[in-house]
Amino acid sequence: MSKSTRSPATYKDIQRLTGLSLATISKYYNGRNVLTSNREAIEAAAAELNYRPNAFASSLRRGVTRTVGVLLPSFQNPFHLEIVVGIEKYLRTHGIGVLVTSNEQDGTPSTVNAVELLLSRRVDGIIGVPALSDSSALATAVSIGIPVVTVDWLPSGLDADSVSLDNVQAGKVATQHLIDHGHRTLGALVGEEGMWSLQGRLDGFLAAARAADIAVAEDHIQRGPISVEAGYAAMMRVLAADTRPTAVFAGNYDLTVGAVTAINDSGLRLGHDISLVGFDSVDLAQVTSPKLTVYVQPVEQIATEAARIMNSRLDDPDSSTSRVTLELPGHLQIGASVRRLSD
């Protein structure tokens with residue numbers, strides 16, 4: 001005896017139950033805003049009908065995939081992973097999926113260009129925490145009409161939206177905290193030349209020092225790769241300087257971890273023999289002794305703003321709205337790793 005099967009529900013079935021237009025129903029399922037009463041009516045009808053939208057078929061009809069590519073320089077940095085979580089959280093509520101990739105695999109450069117991979121998957125847009133090597137490929141994406149939002153860096157000449165920390169202000173605030181505690185022999189651990197966000201933090205560091213009439217010795221500013229190992233080596237060089245700084249600013253998470261480890265291995269006491277302001281190391285700050293003072297980025301807000309801008313570009317791809325460049329403030333989380341020299 002054959003068993004009859006019920007045909008899958010369609011937009012017309014939802015229309016029959018709700019009395020709404022097909023245009024309104026389509027608008028809802030394409031992630032656009034509809035009246036609250038209409039949304040509730042559609043959701044109730046869909047539940048009654050056991051309706052499941054065919055996202056793939058819909059994307060083929062409209063020539064879009066409802067997918068945004070997220071480009072990272074590495075999967076090893078907690079900041080990058082938090083950015084992905086925030087982007088996915090926002091876009092998921094608007095019916096948009098994410099595809100995450102990196103130009104690095106297992107700590108080594110990938111043989112496949114990550115931007116080209118995203119374009120081959122027909123993503124509707126790209127949100128990137130780009131490396132210098134990504135600039136050309138991202139420019140190609142923009143040239144074929146793919147909206148791009150960069151996070152933490154805007155490559156020169158790239159016609160894209162951008163969301164980042166106010167890096168110059170971050171460097172100023174962190175350094176001013178050291179100056180306010182009586183420190184006048186200062187050091188900084190920063191990235192290599194061309195690292196946009198780290199250069200901004202160094203600019204802020206130097207601006208605060210100049211405003212206080214403090215000259216920073218050349219060997220007290222240590223540049224290098226962004227890694228724990230590089231941070232360790234840089235801090236050891238600072239500690240070995242002929243005139244050792246009394247206080248140091250570490251410009252990112254990895255450099256901070258390396259700096260703290262170097263201080264511990266040197267036998268010096270954090271917050272006593274050497275003062276340190278770290279960066280984005282909230283978890284580390286809770287387990288150091290004494291607790292570390294760190295400058296904290298608004299990571300969730302950065303991710304949300306990047307996703308919001310991308311969603312608006314996808315909603316209105318023909319918009320001539322000027323490119324958006326957002327620089328968001330962070331805050332200094334006070335610990336006890338900065339000694340007041342007058343004490």
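F75, L81 and V100 together make a nonpolar surface patch of about 220 Å². For a patch like this, residues need over 30% relative accessible area and no salt bridge, and nonpolar side chains (Val, Leu, Ile, Met, Phe, Trp, Tyr) are joined within 5 Å, while like charges are joined within 9 Å. The areas come from the Shrake-Rupley method with a 1.4 Å probe, and for residues only the protein chains shown count as cover. L81 sits in helix α5 (residues 78-92); helices here are DSSP runs of H or I with at least four residues, strands are E runs of at least two, and both are numbered from the N terminus. With a relative accessible area of 39%, L81 is partly exposed, the class between buried (under 20%) and exposed (over 50%), using a 1.4 Å probe and protein chains only.

A quick word on ground rules: this is a predicted model, so local features need pLDDT of at least 70 and side-chain atom pairs count only at pLDDT 80 or more, while totals for chains, interfaces and linings use all residues. Residues are numbered from 1 along each chain as its sequence is written, and side-chain values use heavy atoms, with hydrogens and water left out.

Now to the inside. The largest nonpolar core has 67 residues, and I83, I127, L189, M235 and L276 touch the most other members. Helix α13 (residues 299-315) supplies the largest share of this core, 8 residues. A core here is a set of buried Ala, Val, Leu, Ile, Met, Phe, Trp, Tyr and Cys residues joined through side-chain atoms within 4.5 Å. In soluble globular proteins, nonpolar side chains tend to be buried together.

Take M235: leaving out residues up to four places away in sequence, M235 touches L189, V248, A259, A262, I263 and I274, where contact means heavy atoms within 4.5 Å. There is also a second, separate core of 14 residues, with I126, L138, V148 and A160 among them.

## L314 on helix α13

L314 lies in helix α13 and is buried, with a relative accessible area of 18%. Once neighbours within four places in sequence are set aside, L314 is in contact with V68, I96, D124 and P147. The C-alpha atoms of L314 and G125 are separated by 7.6 Å, although these residues are 189 apart along the chain.

## Salt bridges

The count of salt bridges is 11, each being a side-chain nitrogen of Lys or Arg within 4 Å of a carboxyl oxygen of Asp or Glu. Side chains of opposite charge can pair when their charged atoms come close. One of the bridges joins R201 and D152, with the closest N and O atoms 3.8 Å apart. R201 is in helix α9 (residues 196-211) and D152 is in the loop between β6 (148-151) and β7 (161-165), so this pair ties together parts 49 residues apart in sequence. Both ends are out of the way: R201 is buried at a relative accessible area of 2%, and D152 counts as buried at 13%.

R323 meets D159 in a salt bridge (3.1 Å, N to O). R323 lies in the loop between α13 and β13 (325-328), D159 in the loop between β6 and β7, so the pair ties together parts that are 164 residues apart in sequence. D161 is in strand β7, so here the parts tied together are 162 residues apart in sequence. D161 itself is buried, at 1% relative accessible area. Through shared partners, salt bridges join D159, D161, R313 and R323 into one network.

## An aromatic cluster

There are 3 aromatic pairs: rings of Phe, Tyr and Trp (its six-membered ring) pair if their centres lie within 6.5 Å, with planes under 30 degrees apart counted as stacked, over 60 as edge-to-face and the rest as tilted. F249 and F279 are edge-to-face, at 6.4 Å centre to centre and 65 degrees between the planes. F249 belongs to strand β10 (residues 247-250) and F279 to strand β11 (residues 275-279), 30 residues apart.

F279 also pairs with Y295, this time stacked: 5.9 Å centre to centre and 20 degrees between the planes. Y295 is in strand β12 (residues 293-296), 16 residues from F279. F279 counts as buried at 0% relative accessibility, Y295 is buried at 2%, and F249 is buried too. Together F249, F279 and Y295 form one aromatic cluster.
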